[in-house]
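Open your viewer and get ready to click through a few residues with me. We will go one selection at a time.

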Amino acid sequence: MNKNPTVPPPNEKKSAAGPASPSIATEATSVSKESPRDALLEVVHGLRRQGVTEKDLVDVLVMKLLMRIDCLFGRIDEAFSGQPFNPEVPPDAAANQHRVNAYIGNFAQATKLLGFALELAKSSGSIGGKPNDTSSEKRS
């Protein structure tokens with residue numbers, strides 16, 4: 001079984017089953033390691049030819065981003081064994097101070113990414129909430 005599905009050439013007809021499901025977009029976004037940006041654009045164009053709507057594609061990509069950020073939090077926890085301080089070293093030791101600063105810094109960066117992803121999901125309508133109002137109307 002092919003683990004890296006490819007997008008059909010533009011001259012192939014769609015299957016009689018109808019447009020591809022968004023789950024195919026999740027599998028198809030990991031087509032190539034050579035040029036990730038070009039490969040992603042190729043996948044997006046292929047999915048559009050198959051009838052996947054932009055909303056479905058955005059929903060899948062935002063969900064994939066949120067899952068990757070969740071994995072990042074897990075990896076940070078794993079790297080530090082869930083402990084910002086090394087219990088074998090005195091708390092005021094330079095090694096422990098460096099460890100705490102690295103732990104907090106990594107979590108701060110991951111939290112910033114999570115905030116960005118949630119704003120993206122909110123503005124795309126992938127999660128509940130209203131998109132940011134950018135109109136110039138005055139509010140009462």
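Start by selecting Lys55, which is partly exposed, with a relative accessible area of 42%. Keep in mind as you look around that this is a predicted model.

Lys55 and Asp59 form a salt bridge, with 3.2 Å between their closest N and O atoms. Both residues sit in helix 3, 4 residues apart, or about one turn of the helix.

To see another, select Arg48 and Glu54: their side chains meet in a salt bridge at 2.8 Å, N to O. Glu54 is partly exposed too, at 45% relative accessibility.

Next, select all of helix 3, residues 54–79. This helix has 26 residues and reaches 37 Å from its first C-alpha to its last, close to the 38 Å expected at 1.5 Å a residue. Which of its residues are buried? Colour Leu57, Val60, Val62, Leu66, Ile69, Phe73 and Ile76 to see the buried residues of helix 3. Then step just past the end of the helix to Ser81, which takes a positive phi of about 55 degrees.

For the last stop, jump to Asn96 in helix 4, residues 94–124. Asn96 counts as buried, at 1% relative accessibility. Show what surrounds this residue: setting aside neighbours within four places in sequence, Asn96 is in contact with Phe85, Asn86, Val89, Pro90 and Pro91.

Conventions:
Residues numbered from 1 in each chain as written. Predicted model: local features only at pLDDT ≥ 70, side-chain atom pairs only at ≥ 80, totals over all residues. Heavy atoms only, no water. Helix = DSSP H or I, 4+ residues; strand = E, 2+ residues; numbered from the N terminus. Buried < 20%, exposed > 50% of the residue type's maximum accessible area, 1.4 Å probe, protein only. Contact = heavy atoms within 4.5 Å. Expected span 1.5 Å × (residues − 1). Salt bridge = Lys/Arg side-chain N within 4 Å of Asp/Glu carboxyl O.
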